[in-house]
Number of protein chains: 4
Amino acid sequence: MNQGAKLKIGIVGGTGYTGVELLRLLVQHPNVELTAVTSRSEAGQDVHALYPNLRGHVDLQFSQPDVDNLSQCDLVFFATPNGVAMKMVPALLKAGVKVIDLAADFRLKDPHAWQEWYGMPHACEDVLEQAVYGLPEVNRALIAQASIVANPGCYPTAVQLGFLPLLEKGLIDPMHLIADAKSGVSGAGREAKLGSLLCEASESFKAYGVGGHRHLPEIKQGLSDAISAPVGLTFIPHLTPMIRGIHATLYGRLDENSLDDLQALFESRFADEPFVDVMPAGSMPETRSVKGSNQCRIAVHVPQGGDTVVVLSVIDNLVKGAAGQAVQNMNIMCGVPESAGLNQVALMP
Amino acid sequence: MNQGAKLKIGIVGGTGYTGVELLRLLVQHPNVELTAVTSRSEAGQDVHALYPNLRGHVDLQFSQPDVDNLSQCDLVFFATPNGVAMKMVPALLKAGVKVIDLAADFRLKDPHAWQEWYGMPHACEDVLEQAVYGLPEVNRALIAQASIVANPGCYPTAVQLGFLPLLEKGLIDPMHLIADAKSGVSGAGREAKLGSLLCEASESFKAYGVGGHRHLPEIKQGLSDAISAPVGLTFIPHLTPMIRGIHATLYGRLDENSLDDLQALFESRFADEPFVDVMPAGSMPETRSVKGSNQCRIAVHVPQGGDTVVVLSVIDNLVKGAAGQAVQNMNIMCGVPESAGLNQVALMP
Amino acid sequence: MNQGAKLKIGIVGGTGYTGVELLRLLVQHPNVELTAVTSRSEAGQDVHALYPNLRGHVDLQFSQPDVDNLSQCDLVFFATPNGVAMKMVPALLKAGVKVIDLAADFRLKDPHAWQEWYGMPHACEDVLEQAVYGLPEVNRALIAQASIVANPGCYPTAVQLGFLPLLEKGLIDPMHLIADAKSGVSGAGREAKLGSLLCEASESFKAYGVGGHRHLPEIKQGLSDAISAPVGLTFIPHLTPMIRGIHATLYGRLDENSLDDLQALFESRFADEPFVDVMPAGSMPETRSVKGSNQCRIAVHVPQGGDTVVVLSVIDNLVKGAAGQAVQNMNIMCGVPESAGLNQVALMP
Amino acid sequence: MNQGAKLKIGIVGGTGYTGVELLRLLVQHPNVELTAVTSRSEAGQDVHALYPNLRGHVDLQFSQPDVDNLSQCDLVFFATPNGVAMKMVPALLKAGVKVIDLAADFRLKDPHAWQEWYGMPHACEDVLEQAVYGLPEVNRALIAQASIVANPGCYPTAVQLGFLPLLEKGLIDPMHLIADAKSGVSGAGREAKLGSLLCEASESFKAYGVGGHRHLPEIKQGLSDAISAPVGLTFIPHLTPMIRGIHATLYGRLDENSLDDLQALFESRFADEPFVDVMPAGSMPETRSVKGSNQCRIAVHVPQGGDTVVVLSVIDNLVKGAAGQAVQNMNIMCGVPESAGLNQVALMP
C-alpha cells in the first residue's frame, strides 16, 4: 500500500462480541480507516450508543449491509452468524474486495462435512475452494496471497497451536489426542440465551458438546493437514465462569523414543512468531495473562516423567481466537506489518 | 446409640472453610449436640462473630484445643492443617473418642510416601495402620468398625468415584488414566494467600500442580487398591473462578472388547448409594447442581463412538469433598442413618 | 391443622427462580405435601429434569395450571409474571383455597396506581381490597386471618425493614428518604434477557430504573401506612455482579432532638422477630451472611456523629425477598410455627 | 520537550496493582522511556516474571529504590504504600526530578489532618505546601507548573467530578451531601488480605469504613476548596464483587430556585475535558464502559421531578482513579499532549 494511505475497512455484523472487539482493535489501528459497520437490526443507530466504550473513538452509524457500499472497501470482515457470509462473499470478491470471515462458512474444506455439522448446504463451493484457513503460524504465505480467508475458531486456534510442534515431529500418537478445553462465556456470543445468563453460568462449571462440537472437525482437519494423515481426537469443551479466555489442556501419548527436549522444540517452532509465546519450562499460563491481547501463551510438561505429554495453551477467545487473529490476517493480506495495531498489553488484574 | 440421645461432637480447627461447613451441617443435624469448637487463634470469641451466617444457630465460643475437654466427646473432627491431627489423635483414641481427620494425615497408608509428599515424618505410624480411608462407596463396612477415619481429599473423591466402575470391571487401560480436574477457589482454604485473591483468581483460569499434586498419590492408592494392581495416572488440577465445586473430566482407553453398556454399569454400581447420582445418558452435570449438597453426580460418555471413555464427575468440594463426607462417615461410624443431616438441596441459582 | 396432617400445597409457575426456590424450601418443610407444580411451557416434564438440584427430592411433573386441580390444595403460591395471578385467584378463593402471590398483582392497594406502574388494568379490584400485604413484621395478625396475601417485593422488604423503626418513632424527615439499593442479578428473573448475560452483567456495576422503579410506589405505600402520612423517597436500584443478595443503604435526616439510642431502638423493635437480626453496633453486614437463608440483617450507624442516619439492610432476594417470606406467610396463614422449614444456615463461603 | 526526545521515567514500588497499571500505560506511551522500576522485595527479578502480561513489552528488572539512580529520571512515580514517598521525595526534588505520588502522602494540605487519618506525622511539611492536588479538571494550570503532584484517590476522583458542577454553581445544599460509592476489589490493593479473597469477596456485597474512610477528608477538602466554604458529606463506600471499577451515586438537595438545565450545566462544565464524558440525558453509565480506559462517565438525574439530584459517576479505579490520571498529570507537567498514551478503548465485554 502507499505510504500514508489507509486501508478502507468494512465490518458486516458489528453488533456481536467479535464485532465490538474488531471495532476496539480497528479504531486504534494506525493503517485503518473504518468505512462501514453494518447491522440489519441496528441500522441508523450510532455505534457508540450500543457500545459506550467506543464513545469518542468512532462516529459511524450502523448501516444496512449493502454490497455496493461495501465494495468501496479494501477489505471486509464478516462477524455474522454462520451461513450469512457465504451468501454475500462472491459478489464482494467479484468487486475486488478482500474478505475475512470470522464465522465458520469457509473453515471446513469439505462442503459435505460443512453441511453435516452446520445443517445447511454450502452456498458457494467454488469460493470455498480458494479460501485459505487463516492460521498464520501455518499458512502465512498463503494468507498473503489470499482474497478470502477463513478465520479459525477460538478452540481450534488454542488446540492446534499446542499440538502442532508435537505432531509435526511425529512425537505423539496422532490417533489418540485429547483436548480438554475451557472457555469463558463470551464464546457463546452476545445472544440472549438462557445458558449464558449470569445466574446460570457463574458459580458453576460444566462440560458441553461432549457428543460432538462443531470445532471438532475443524481441529481434526487442521491437524490432519499438518501431518498428511488422519488424526483421532477426543475434544471436550467446558464452560468456565468468566467473560474472556480459553485454556486448552492437551494430552498426547509420547512415542517410546521421543526423548527430545520438548521445551526447545516448542521454542524453536515458534521462535519467529510474534503472537505465540512459549513460556519458560515449568510455567502454567493463566488466561488473564492474555486478556485483551493477541498472544497465545504455551507451556509444555511431561508430568512425573511419564509417557504422557501435557500442553497448556491459553488465548483470549475474542482476540487471538477471533478479532485479533482477523486483524493479524488483514495485516498479512494487505502488506502492512503483521503486528500493526496488535500490541495491546493484557489487562491485569 | 440410645434413642433420643445425641452424639457429643467436637471440632478441632473450626475457623477454616471445612470447619464452618462442618458447623453448618452439624447445627442442623438431628442426632448431634455440638460440644466444642476449638481454635488457638480465636479462643474465647463467639463462633458467630467470625461466621455471622451462624448467628442464631450456635452459641459456642471457640476454645483452646485441649485433649481433656475433647475427651468428653463421642467423636471429634479435625479440620486442621496437615500435620496437626496426627499429634493429638493417639491421646483421643486412647480416651475412647472416635476421630475423623479431614486433613491428609491418615490418607496415605505408606508413611514414607506421606513424608515424601507432605514434607514431614509421620507422628503415629501405628495409628496410621488402623486408620480407614473414608470413602463410603468403597469402605462402608470398615468405616462402621473404625475408630479413626481418614476423610478423603476433594479431588480424590470426585476422581475415584468416576473411575471405579470402569476399573473394577477391567474395562480400561489402568496404566494410562487421565484426570483433568477443575476446582473452585475454596479448595485453597481460608488463608490470606496472594493467588486466592479475587483480583488474582477471578476472570482467569489456570492449571497448577502439574508436576505433582498431593492428591496424586492418594488417588493412585485408592484406584490401585480397587484393582489390586498398579495404576498410571496423569492428574492435572486447574483453578476455576468460582467459590465451590469440583468438576473432574476423566479419560480412559477402552479395551477392544469392552462393548458393555457403560450407562447400565454405572447405574448398577451406585444403585444403593445415597450420595452418588448417575445422571441419565447424555447428561453433562453442572457443579452448581450439587452446591451445598453432599451429592456426587456422574455421567459417562463415549464421544463419537470411539475408544476413549469420558466420565464427568461433579461434587461440592466442601461437602462431598470434605465436611459432608465427614458427616456421612460420622453417621456410619456412630450407627445413625447414613443420610441423617445430609439432605440439603443444592442452592440454585 | 391436625397433628400430623400435612398442608397440600400448589405452585403456579414453578420454572422461574422464585419457583425453584419455593421448591427448595417446600420439599424440606416438615408440614408440607407438595401437590402440584404447574408450568404451561414445561407441562409433562419432570421437575427435576429442569432443576437437577431437586433430583431425589421431588418426583412431580409440571402440570397445566388448572383451577380444578389446584382446588385440591390448601394453599397455592403464584410465582408467575405480573398480571397472571389476578386472573386465576378469584376462582381459587371461591373454592376455599388460600393464595400467596409472589408477583406484584396485589401489592398496590390503589388499582389506578397499579395500572399506571404495571401498564394494565387490574382484573379483580374486589379481591385486591381484601388482600393483605405480607410483611409479617408489620402485618402478622392480618396475615393470620387472610385468604389472599401479596408477598412483598425484594427491595421493598429490605428497605421497609430498615426505615420502619426510625419512621415509626418520628426520628427522621419522612419527606427526604434516600434508599440506595444494590441487587444481585437473580432479581431480574430467569429470562433470557441481554442485560442479564454473564458477559453483560459481570465485572460491571450500574444503576437502573433511576427515573422510577416499580418498587418505588410499593415502598412509599408501606412506609406511608406506617406513619399515616405521605413520605418522599428517592430510590435508586443498582445491579451488582453476583447471583443472590440485596444490600440497601438507607439515608435519613435526623431531627435535631433525636438523640435517642438508635441501636437500642432497632433491637427493641425487632426483639421478637425470628427473621430480623439487628447486628451489634458498628457492624456492616455482608449479603453472603444471608445467602440461602430467610434472615434480614440490619445495622444502624450515625457516621461522624452527624445528623444523617445510615441503615444497612441485607437480605437474600430469593428468600426473605421472595420465596422464604412466602413460606413464612404460609406458616402464619396456616397455623404452623412461623419458622417451620425456614431454619437454613446461609451458605458461606 | 525536544521533538523526539523521550521522557525518562521511573516507578518506585512497581509491584502493586497501580504499579503494574502504570507499566501497562507507560510501555505503550509514545513519549516515554521507562528507565527504572524499583521494588525492595523483588529486586533483581524480571518485571515480566511477576507480570506475564508484560512479556515482550518490557525488559527491565526490578531494582532497589535508590535516589542516585532515580535522579537520572525526568519524572518519578511513587506507587508505594502511604508514608514511603514523603521520605524520598525531598531528595528527588532537590535533584531536579519531578514527582507524582499515587499514594496519599501529599493529598491533605493540613499535616494535622494527615496525621489524624494516616496515623503518622508528616515527614516533609515544606514539600507538602508546594504539592499540587492532581485533579486536572480543577488544577490544570497549577499542575503544569508543579514539581510535586499528589495524585487523587480513586473515590475522590469519582465523587468530586460528580459534585463539582452543582457546587460551583451553588445549586445544592453543601452541608448535606451524600456519596454512596461502590468499588471493585482491586481498590484494596495486591495484598494477601483475608477480606480480599475470592471466597470472601465474591458473591457478596457490603459497606465498609462507614465510621470514617480516609478518602472522606480528601473529598471534603477538594469540594470545600471549590466553594471556599465548608461542606458536610456522608460518604459510604461499598465493596462490590468485581476487579475494576468505581460507581459513585451522589445525592444532593436542590435549592428551591435551582430550575436550571442540569444536563446543559454538566455538558458545559466538562466541554473541554478530554477525560470526562457527560452521557446523554437519561443515561445510566456502567463501570465496564470505562474498564481499562481513563474516562470518567457521568450522568445527572432528578428522579420523579423532586428536589433531590442524583449524579452517577463511573471510573476505572486503577486508571482515572490512579495510574491513568497519574499519566495525565505527567503529560501536563512535562508538556506533552494531555491525552498522549491514554486513548485506550475500554475492554467490553
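In this predicted model, helix α8 of chain C, which spans residues 154-168, packs against helix α10 of chain C, which spans residues 215-227, and the two axes lie 10 Å apart at an angle of about 25 degrees. Two packed helices are described by the angle between their axes and the distance between the axes. Because angles under 35 degrees count as roughly parallel, α8(C) is roughly parallel to α10(C). The crossing in which α8(C) passes α10(C) is right-handed.

Which residues of the two helices meet? From α8(C) come C:Y155, C:P156, C:V159, C:Q160, C:F163, C:L164, C:L167 and C:E168, and these meet C:H215, C:E218, C:I219, C:G222, C:L223, C:A226 and C:I227 of α10(C). Sorted by class, the residues of this contact of α8(C) with α10(C) comprise 10 nonpolar, 3 polar and 2 charged.

**Contacts between chains**

Chain D and chain C touch each other through a contact to which chain D gives 38 residues and chain C gives 38 residues. On the side of chain D that touches chain C, the elements that contribute two or more residues are the strands β8 (177-183), β9 (206-207), β10 (233-239), β11 (246-253) and β14 (308-315), together with the helix α9 (198-201), of chain D. That side of chain D holds 17 nonpolar, 14 polar and 7 charged residues.

**Backbone details**

Most residues other than glycine have a negative phi, and most peptide bonds are trans.

| Cis peptide bond | Omega |
|---|---|
| A:M348 to A:P349 | near 10 degrees |
| D:M348 to D:P349 | near 5 degrees |

As for where these prolines sit, A:P349 lies in the segment after α12 (319-334) of chain A, and D:P349 lies in the segment after α12 (319-334) of chain D.

Positive phi values occur as well. A:E203, although it is not a glycine, has a positive phi of about 50 degrees, and A:E203 is found in the loop between α9 and β9 of chain A. B:S228, which is not a glycine either, has a positive phi of about 50 degrees, and B:S228 lies in the loop between α10 (215-227) and β10 (233-239) of chain B.

Is A:E203 buried or exposed? A residue is buried if 20 or more other C-beta atoms lie within 10 Å of its own, and A:E203 counts as buried because it has 26 C-beta neighbours inside 10 Å. A residue with 12 or fewer such neighbours is exposed, and B:S228, with 6 C-beta neighbours inside 10 Å, therefore counts as exposed.

Technical notes. Residues numbered from 1 in each chain as written. Chains lettered and ligands numbered in written order. Predicted model: local features only at pLDDT ≥ 70, side-chain atom pairs only at ≥ 80, totals over all residues. Contact = placed C-beta atoms within 7 Å. Helix = DSSP H or I, 4+ residues; strand = E, 2+ residues; numbered from the N terminus. Nonpolar A, V, L, I, M, F, W, Y, C, P; charged D, E, K, R; others polar. Axes fitted to C-alpha atoms, helices over the stretch in contact; angles between N-to-C directions. Parallel < 35°, antiparallel > 145°, perpendicular 65-115°, else oblique. Left-handed = near helix turned anticlockwise from the far one by under 90°.
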